[in-house]
Amino acid sequence: MPKHEFSVEMTCEGCSNAVTRVLNKLGGVQFEIDLPNKKVCIDSEHSVDTLLATLKKTGKDASYLGEK
């Protein structure tokens with residue numbers, strides 16, 4: 001599965017919990033959250049657009065950094 005890296009404007013545990021919640025709802029993803037560096041690395045067959053739209057549901061600014 002391709003690994004995609006995203007930058008998400010997370011400042012606390014609550015932010016990372018919100019990211020965890022929306023990604024678990026989407027399903028079919030494995031992910032790691034790097035809170036200090038504000039990055040989320042996602043293994044998924046979903047399109048980058050789908051993943052980005054899902055991350056934006058948290059209300060945080062999110063952007064695609066590229067494949068890892």
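The radius of gyration here is taken over C-alpha atoms, and the globule rule is 2.2 Å times the number of residues to the power 0.38. This is a predicted model: local features need pLDDT of at least 70, side-chain atom pairs count only at pLDDT 80 or more, and totals for chains, interfaces and linings use all residues. Residues are numbered from 1 along each chain as its sequence is written, and side-chain values use heavy atoms, without hydrogens and water.

**Whole chain.** Select the protein chain. With 68 residues, a compact globule would have a radius of gyration near 11 Å; the chain has 10 Å, which agrees. Show the C-alpha trace: along its principal axes it spans about 30 × 20 × 15 Å.

**Cartoon.** Switch to secondary structure. There are 2 helices and 4 strands, taken as DSSP runs (helices H or I, at least four residues; strands E, at least two) numbered from the N terminus. Trace the sequence and the pattern reads β-α-β-β-α-β.

**Annotated span.** Select residues 1-63. UniProt lists them as "domain: HMA" in an unreviewed entry; such annotations may be inferred rather than shown by experiment. The end C-alpha atoms of this span lie 20 Å apart.

**Inside.** Color by burial. Buried residues (under 20% relative accessible area, 1.4 Å probe, protein chains only) make up 35% of the 68. Now display contacts (heavy atoms within 4.5 Å). Among those between residues at least 6 apart in sequence, 63% join residues at least 24 apart.

The accessible area (Shrake-Rupley method, 1.4 Å probe) comes to about 4,000 Å², with 46% belonging to carbon and sulfur atoms.

Key
Buried means under 20% relative accessible area, exposed over 50%, partly exposed in between (1.4 Å probe, protein chains only).
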